[in-house]
Amino acid sequence: MEIELLSPAKNADIGIEAILHGADAVYIGASDFGARKAAGNSIEDIKRLVDFAHIYSAKVYVTVNTIIKDSEIKEVSNLITELYNIGVDALIVQDFGILKMDIPTIALHASTQMHNTTPEKVKFLEDAGFSQVVLARESAKQDIIDIHNATSVRLEAFVHGALCVSYSGRCYASEALCSRSANRGECAQICRLPFQLQDAQGHNLGTYHWLSLKDMEHSSDLEDMIASGVSSFKIEGRLKDADYVKNVTAYYNNKLNEVLAKHPELKRSSDGRSTVNFTPNIEKTFFRKGTTYFYNGRSADISSIYTPKSQGEYIGTVKSVNGKHLTIYTEKELHNGDGLCFFDQKNQFYGFRLNTAVNKVFQNGKLISSECDTFEEVPLYVGCKLSRNFDIKFNSVLSKPTAKRKIDIDIVFENCTLTVTDGINTICETIDTEKVKADKNQSENIKSVLSKLGDTPYNAVSVKVNTDYFFPISLISSAKRNAVDKLTKLRQTKAFESREKFSVKNNSAIYPTDKADYTENISNTLAKRYYTEHGVSVAENAFELIQPKRIVPIMYCKYCIRYTMGACRLHKDGQIKELQEPLHLIYKNYYLRLEFDCKNCMMKVYKE
């Protein structure tokens, strides 16, 4: 079984960094039609990333996962053809209309936007020709096991990064409130706003970020997720910068390697070994604190209602404070310019920067306290818990080259022939020169030259030299360069030619429901035709088309505010609070009603 670490790429340069830091695949947006409209890339840049990735047998997936208008079908079709021609390995898509387009046989992955939550849905996607399915973030362990047991398609799951409070693909809040469709890549992140929660009597139950969740963090579940059927582990973050991608990719690369070291039947899906010059720490780049979400069952501790901002790593408590000067109990080395943050006694979130930091109190060689001055006065208090959400020293390291990735090769030079092999591919380079017996053995000198591979993607694990002839070192170096270049081109060519192809397994497969409402996001005639051909008798248009005509939920959430507040009627767990319903979330002119569908264990949000 091949295991894939899949990293995000806002642009080609960040994608290259992801591969250098251990990613087996990266996903990136094209110029348009990706669910992160602000992270588009040209065909030329994507090709540059593809060419680099294919050296390591790593893959590049391009997101074409928005819903598509009829007027855009030709443009999308042309874009997909261009992506196929430059060597892209697969597309991540949401719109079934793509399956009716006249496009090359490029592999298709089913975006989490397609609401992939049940064995029946995933089985249909497999029959339809999708070779990989991105599971809903809300999937519990048993959900994944059930899907895996019912299908043979590769399963992809998010393991790290920001969480959407609504099921992906079924959030219409941005469109309803701001005329910016999340299904068109323009999410306004309504869920991160501070809402007042009001009960039926008009009582204010608190003004917090009620719909804001912590970040997903599954680093301790990787082995268990593999056993459950997951083979692709996805890091969220196509809008994130290079420091985040470097750090988080390197962290999960190490974690996966630890798991695979215990399971020889598993292997990574790409080649090469990554080494980094820093210690990865997911708390040191954007991090809202972690949750496994619903993987291990429902938990009240999944929200981040007091702030949607990064909270970083806990460093210690305040010992004393006097204006801009404070003493901190900490075992962490602090630096001038670090960013610290805390919650006051009313759960208000504050951040500040250190002007100076003196790590001066030690005990038995261990740091126990630091003296600091801040740039501004903030409401710190003795005993206040501090976190660091910006480590200036760590970020300085990440701003420079931090990783190398090398493929092991063997080199043999015998008589006039140089042979280079990566274990699968072999290149032979003959030195065409007059054969002159050497006065003294050159083997060690030649071996030294052949061992030095510099900035190439290769590491010579074995170099053998057997010749009695004299060769100018310049000829040896030239032959080495030629052989290495040819090996690189051969690896790229084979990766290009061996790409997975789209292939329908069962063209008569019946869709799991015969009625498709607006949550299926049907926005073009090709998609509607596809649903009809697969047993759907009623295919309603997408929310973006029906919005003014009837009142429907604008969010479908497995996360439940009632549960978070200790008022769930199904999962008692000692919870006894009663709420006067209906509850409303209010922010400026946004007025949202909450409805609790306990039968399906779901919270629905309506615009009023």
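1. Basis. The model is predicted: local features need pLDDT of at least 70, side-chain atom pairs count only at pLDDT 80 or more, and totals for chains, interfaces and linings use all residues. Residues are numbered from 1 along each chain as its sequence is written, and side-chain values use heavy atoms, with hydrogens and water left out.

2. Barrel. Six strands close into a barrel, and the order is β15-β16-β19-β18-β17-β20. Pairing in the barrel is antiparallel. Strands here are DSSP runs (E, at least two residues), numbered from the N terminus. Two strands pair if DSSP finds at least two bridges between them.

3. Strand β17 covers residues 339-343 and strand β18 covers residues 349-363. Five bridges join these two antiparallel strands. The bridge partner of L340 in β18 is F352.

4. Open sheet. A sheet of six strands stays open, in the order β9-β8-β28-β29-β30-β27. Its pairing is antiparallel. Where are the edges? They are at β9 (204-208) and β27 (555-557). Each has a single partner strand, so one side of each is left without a neighbour in the sheet.

5. Strands β28 (residues 583-587) and β29 (residues 590-597) run antiparallel and are joined by five bridges. I586 stands opposite Y591 in β29.

6. Cis peptide. The bond between E581 and P582 is cis, with omega about 10 degrees. P582 sits in the loop between α14 (561-564) and β28. Helices are DSSP runs too (H or I, at least four residues).

7. S57. This serine is not a glycine, yet S57 has a positive phi of about 60 degrees. S57 belongs to the loop between α2 (43-55) and β3 (59-64). With a relative accessible area of 27%, S57 is partly exposed. The cut-offs: buried is under 20% relative accessible area, exposed is over 50%, partly exposed is in between (1.4 Å probe, protein chains only).

8. S179. Phi is positive here too, at about 55 degrees, although S179 is not a glycine. The loop holding S179 runs between α6 (173-178) and β8 (195-198). Is S179 buried or exposed? S179 counts as exposed, at 59% relative accessibility.
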